[in-house]
Amino acid sequence: MLKGKNITFSYSDSAKGKIQILKDISFHINKGDFIGLIGASGSGKTTFIKHLNGLLKADCGEIFFEGQNIYEKKYPLSQLRKEVGLVFQYPEQQLFGRTVLKDTMYGPLNLGMSEQDAKKSAIDSLELVGITEALTQVGLDEKLWQQSPFELSGGQKRCVAIAGVLAMQPKILVLDEPAAGLDPETKCDIFEILQKIRKQRNAAIVLVSHHMEDVAQFANRVWVMYNGKIVMDDTPEEVYKRVEELEEMNTIT
């Protein structure tokens with residue numbers, strides 16, 4: 001679905017000039033993939049994923065979504081950002097809606113969905129991430145959808161933020177450390193939710209993590225980033241055999 005060729009990217013620094021972050025990266029994401037993207041801090045992971053939906057544009061190289069070059073002049077980047085959903089680290093910090101439901105509806109409405117379709121998509125997405133089930137357990141049923149998202153627990157806020165991206169019906173979901181800062185039980189819940197998303201929506205998932213164990217159980221492929229490059233792209237079993245190389249890159253944590 002998404003393919004990149006020879007992606008290179010640099011930031012400009014007033015004191016140091018251009019600092020190269022990504023170096024000649026080529027990649028592909030297939031339908032239904034669950035890719036774990038691992039690498040030490042500073043390896044370029046977050047900068048790289050911002051290229052997947054056009055938030056950053058490569059200095060050189062090409063990216064194709066379903067065969068179309070996203071760097072062509074008239075390519076609709078707003079449509080790409082619907083198809084490739086990005087969930088940043090601590091996404092609950094981006095919640096702002098007056099109610100849980102309105103917050104989850106914001107993305108679909110912004111993309112031009114009707115009120116009715118946006119509401120349906122938001123509700124489906126909230127149910128998929130387990131919010132309805134959690135509400136029923138405390139005897140509130142759907143009433144919590146009308147509460148402020150800021151009144152929820154940390155894990156519920158994280159789920160609502162993910163639901164807000166899911167409500168746009170992306171074909172690829174990219175998550176930057178989605179379980180960061182959560183307790184072990186809630187962290188496990190998040191990974192189970194990602195499995196449900198992959199199964200029920202048939203969406204490809206790219207999961208960014210510092211921790212190999214976070215992706216070992218779920219990923220069918222692992223990308224290892226080091227010094228601005230994807231230096232490994234293989235099954236978890238094959239990647240994790242290369243222990244000495246991973247240790248040298250400070251990837252094992």
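Student: Which residue of strand 10 does Val 224 stand opposite?
Tutor: Start with the ground rules: this is a predicted model, where local features need pLDDT of at least 70, side-chain atom pairs count only at pLDDT 80 or more, and totals for chains, interfaces and linings use all residues. Residues are numbered from 1 along each chain as its sequence is written, and side-chain values use heavy atoms, leaving out hydrogens and water. Helices (DSSP H or I, at least four residues) and strands (E, at least two) are numbered from the N terminus. In strand 10, the residue opposite Val 224 is Met 232.

Student: How many bridges join strand 9 to strand 10?
Tutor: Two strands pair if DSSP finds at least two bridges between them. Strand 9 and strand 10 form a hairpin with two residues between them, and Asn 227 in the turn has a positive phi of about 55°. Strand 9 and strand 10 (residues 229-234) run antiparallel, and the bridges joining them number five.

Student: Which residue of strand 9 is the bridge partner of Leu 37?
Tutor: Strand 3 (residues 34-38) and strand 9 run parallel, joined by four bridges. In strand 9, Leu 37 has as its bridge partner Trp 223.

Student: How many of the six residues of strand 9 are buried?
Tutor: Buried means under 20% relative accessible area, exposed over 50%, and partly exposed in between (1.4 Å probe, protein chains only). Strand 9 (residues 221-226) is mostly covered. Of its six residues, the buried ones number five.

Student: Which strands stand at the edges of the open sheet of four strands?
Tutor: The sheet has the order 2-1-4-5, with antiparallel pairing.

Student: What angle does helix 1 make with strand 2?
Tutor: Helix 1 packs on the sheet, touching strand 1 (2-13), strand 2 and strand 4. Contact here means heavy atoms within 4.5 Å. Axes are lines fitted to C-alpha atoms, for helices over the stretch in contact, and angles run from 0 to 180 degrees between N-to-C directions. With the direction of strand 2, that of helix 1 makes about 60°.

Student: Is His 51 buried or exposed?
Tutor: His 51 lies in helix 1 (residues 45-52), a helix with six of its eight residues buried. Beyond four places in sequence, His 51 touches residues including Ile 7, Phe 9, Leu 22 and Tyr 71. With a relative accessible area of 0%, His 51 is buried.

Student: Which residue has its backbone oxygen 2.9 Å from a polar atom of the side chain of His 51?
Tutor: A polar contact is a pair of N or O atoms within 3.5 Å; within protein, one must be able to donate a hydrogen and the other to accept it, and residues adjacent in sequence count only if both atoms are side-chain atoms. The backbone oxygen in question belongs to Thr 47.

Student: Which residue forms a salt bridge with Glu 66?
Tutor: A salt bridge is a side-chain nitrogen of Lys or Arg within 4 Å of a carboxyl oxygen of Asp or Glu. The closest N and O atoms of this pair are 2.9 Å apart. Glu 66 is in the loop between strand 4 and strand 5, and its partner is in the loop between helix 6 (154-166) and strand 7 (172-176), 105 residues apart. The partner of Glu 66 is Lys 171.

Student: Are Arg 158 and Glu 92 buried or exposed?
Tutor: Their side chains meet in a salt bridge at 2.6 Å, N to O. Arg 158 is in helix 6, while Glu 92 is in the loop between strand 6 (84-87) and helix 3 (100-110), 66 residues apart. Both Arg 158 and Glu 92 are buried.

Student: How many disulfides does the structure hold?
Tutor: A disulfide is a pair of cysteine sulfur atoms within 2.5 Å. For Cys 188, the nearest cysteine sulfur, that of Cys 159, is 12 Å away. Cys 188 is partly exposed, at a relative accessible area of 40%. The number of disulfides is zero.
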